[in-house]
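Biologist: Please show me the model. I will then ask what each label rests on.

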Amino acid sequence: MELKIGVAELSKALGRSQGIVEKKSTMPILSHVLLEAKKGQLVVSATDLDLAVSSEHGESCEVLKEGALAVSARHLYEIVRALPEQQVTLKRANNNYLEVRSGPSEFRIVGLPAEDFPALPRFEKVTFTDVKPDELLEMIERTFFAVSNDETRYNLNGVYFEPSPEVLRLVATDGHRLSLSERPSSSTFGLKRGVILPKKGLQELRKLLAEAVEGGTEAGETKLGFVENSAIFRRPGVILSMRLIEGLFPDYRQVIPKQGEKVVRVGRDRLLETLRRISLLSTDKAHAVKLELGKGTLRVLSQNPDLGEAKEEVPVEYEGEPLKIGFNARYLMDVLAVVKSADVQLELADDLSPGVLHGGDEKDQGFTAVVMPMRI
Amino acid sequence: MTGRPRTILHLDLDAFYASVEQLDAPSLRGRPVIVGGPSRRGVVCAASYEARRFGVRSAMPTAQARKLCPDGVFLPPRFDRYSALSEQVFAIYRRYTPLVEPLSLDEAFLDVTASRALHGGGRDIAAAIKRAVRAECGLAVSAGVAEVKLAAKIATDLGKPDGLVEVPEGGVAAFLAPLPVGRLWGVGPVTEAALRKLGVTTIGDLGRTPDAALATAVGTSSARGLRALALGEDPRDVVPDEAAKSVGAEETFGEDLSGRAALERALLEQAGRVGRRLRAAGLAGHVVTLKVKYADFTLVTRRTTLANATDDDRAIFEAVRAQLERVDAERPVRLTGVSVSGFAGEAERGQLDLFQAALAPPPEVEKRRSLNAALDVLARRFGDRAVTRADLADEDGREDDG
């Protein structure tokens, strides 16, 4: 294997693999990327056996000799980003060494034979559906934060992707809060029921979607498909596949309350800033704050036996009965951070029932967040 | 040894459980008091010095103790009382240093190196603590003072009861030298016998024996460790109080139980005790462990992780009952135990669960919570069995434990 390629292009290829390679795996090969020079382009692939990405680079690439080799993903990436020139030559030397040459610099990196690299999943006959990168990205952003990190609740370690002939719905929950984003859509993606996309795969998907949004894409270039127990995302030059989480996503419909009796309207930025300030004095992990709702005002309070206490009043539109309720401020801030409207609407019932948040105008149509209170 | 010389205290309450019983019931003072499991298969937890004269020792089967000391006063343990007093005593220790490492309810190491400037030398501090514990709690505590943990602990043992033994600075090796090797940690009967063959009977002998000779008797790595200890080198620090890592209850049955129904009854009662202790300590945990010891002493444990930290009797019981499915319940069982660990942070406990709320509406959860609180109050005032679940009501004479 021998090829010349632009440093920027190679860096982009390697960047796509960094989130996927396993840093602490018992299988060293999984910390490697597979470099393949074939048909006039360089293909860089990485996998952790659940996720796989392959990135194809014909641009600014000249293959001098076809071949393949696996090398440490992290080391090659760090080297490439530090290279002095715009161009780099990669060459496989004896004993699976990779020679990296750029201007006056020369590196010889220990590699592993390409044959040791796990076979990448090959998917035949996938029915792909066009997706709009900006819309899908927004739906993921609006749900991703609510995904559970608790590995014992593996069925919550991802976002539920539920298409129907009328609407596409994404839902995530960690058992304490839930986030739902939906958009009109006529495609069922060939699915009979919803599937759970894993957190790590979504993280990579977000990056690729953001790349697409930034780089600008032609309609029909970005596609998502499902086959067997995998989801496959494709854009020109890159393909990402992820194994779906097997398990039953809980019935989210039953935990979304109907319209609450106490409806509060409050400025998004103001509430976000207040929560950020007041939660500075909350007890560490849970960021507990108390909300005291009265006519026209919302008082936000925090108390920490070791540090002290804080309070702030926020003007709100509210005419109902007074209510005191506790929340994890972070759960509220996560929601406010993805709301686009100037105002948010908070619906409450009592101090032990879930609160519901919606954006105040059509910019946040289809977005619902549910947050369970804390006992105070 | 490296670094500045340290001053370490080892403090051990004399015949603690038995002393507490004598403290609470003055009629028992001067009489042989033996605290132990009441069933015929229980063991002695503590024996007063009066009882020790008859040869009664901790960990001896109660039945044997009865033979040795037929006139002894045999009492079941009251751990709630012991731990309350223990807390009072440890609070006194903490007036002198924050570096208090509890070893059990009645035993602790204190590092008072930094406290000397304020409170005087190790001996003065130990004497002050002894006086305070006597005056405020009515209990005798034995103290050992030394530069290392090992020597401090041995010093305490030598001075018991109500003793205060100080190993002078730089004198650890000399202090240890005349003592039998069996006093060292890690020297059990087997090692002791192997050393005796080398002519090593005292700790001093051990210090003088060449490494090579020791290594052939006890292995290379033990040889190095033993020699270091013999020379008084014990670099271990006093590690301050670590919060409890689990709360549990277990029970050795008077007669072996078998069958799921019988075991579930025992577990229900144990889950209740664990729940009560968790709530008393203000804790809630994610991990529930079931322990089953069969009549042939084989032990199995099964654990499960709950999505939500719990301190609720019912939730704990449901979790262990599910684990019971995973063990053979038809073999005769000698002991079962229930414990909860993986404690949630204080704040996390206040967080309500979305799905639990949907499944069991909040009023239900709240009802359970207030029921638990009410029962806890009754149990504190009238004892653990003041109120019993109907399905446990015909049980009595159960053995309590810690």
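Modeller: Start with B:Glu264, which touches B:Phe317, B:Arg321 and B:Leu324, not counting residues up to four places away in sequence. A contact means heavy atoms within 4.5 Å. This is a predicted model: local features need pLDDT of at least 70, side-chain atom pairs count only at pLDDT 80 or more, and totals for chains, interfaces and linings use all residues. Residues are numbered from 1 along each chain as its sequence is written, chains are lettered from A and ligands numbered from 1 in the order in which they are written, and side-chain values use heavy atoms, with hydrogens and water left out.

Biologist: Where is B:Glu264 found, and does it count as buried or exposed?

Modeller: B:Glu264 is in helix H13 (residues 260-281) of chain B. Helices (H or I, at least four residues) and strands (E, at least two) are DSSP runs, numbered from the N terminus. Buried means under 20% relative accessible area, exposed over 50%, and partly exposed in between (1.4 Å probe, protein chains only). B:Glu264 has 19% relative accessibility, so it counts as buried.

Biologist: What makes B:Gln22 buried, and what does B:Gln22 touch?

Modeller: Its relative accessible area is 11%, so B:Gln22 is buried. This residue lies in helix H1 (residues 16-24) of chain B. Setting aside residues up to four places away in sequence, B:Gln22 touches B:Leu28, B:Arg29, B:Gly30, B:Arg31, B:Val33, B:Ser48 and B:Glu50. B:Gln22 and B:Leu139 are 117 residues apart in sequence, but their C-alpha atoms are 9.9 Å apart in space.

Biologist: How do you describe the angle between H1(B) and helix H4 of chain B?

Modeller: H1(B) and helix H4 (residues 79-93) of chain B pack at about 95°, with their axes 10 Å apart. Axes are lines fitted to C-alpha atoms, for helices over the stretch in contact, and angles run from 0 to 180 degrees between N-to-C directions. Angles under 35 degrees count as roughly parallel, over 145 as roughly antiparallel, 65 to 115 as roughly perpendicular and the rest as oblique. H1(B) is therefore roughly perpendicular to H4(B).

Biologist: Which residues of H1(B) and H4(B) meet?

Modeller: From H1(B) come B:Phe16, B:Tyr17, B:Val20, B:Glu21, B:Leu23 and B:Asp24, and from H4(B) come B:Phe79, B:Arg81, B:Tyr82, B:Leu85 and B:Ser86. By class, this contact of H1(B) with H4(B) has seven nonpolar, one polar and three charged residues. Ala, Val, Leu, Ile, Met, Phe, Trp, Tyr, Cys and Pro count as nonpolar, Asp, Glu, Lys and Arg as charged, and the others, Gly among them, as polar.

Biologist: What is the angle between helices H5 and H6 of chain A?

Modeller: Helix H5 (residues 268-278) and helix H6 (residues 329-338) of chain A pack at an angle of about 150°, and their axes are 10 Å apart. H5(A) is therefore roughly antiparallel to H6(A). The residues that meet are A:Arg268, A:Leu271, A:Leu272, A:Leu275 and A:Arg276 in H5(A), and A:Ala329, A:Leu332, A:Met333, A:Leu336 and A:Ala337 in H6(A). This contact of H5(A) with H6(A) has eight nonpolar, no polar and two charged residues.

Biologist: What is the phi of B:Ala15, and is B:Ala15 buried or exposed?

Modeller: Its phi is near 35°, a positive value in a residue other than glycine. B:Ala15 lies in the loop between strand S1 (8-13) and H1 of chain B. Its relative accessibility is 6%, so B:Ala15 counts as buried.

Biologist: What kind of peptide bond joins B:Lys160 and B:Pro161?

Modeller: A cis bond, with omega about -5°. B:Pro161 is in the loop between helix H7 (149-159) and strand S8 (164-166) of chain B.

Biologist: What about B:Leu229: is it buried or exposed?

Modeller: At 14% relative accessibility, B:Leu229 counts as buried. B:Leu229 belongs to helix H12 (residues 220-230) of chain B. Leaving aside neighbours within four places in sequence, B:Leu229 is in contact with B:Leu150, B:Leu176, B:Leu184, B:Trp185 and B:Asp234.
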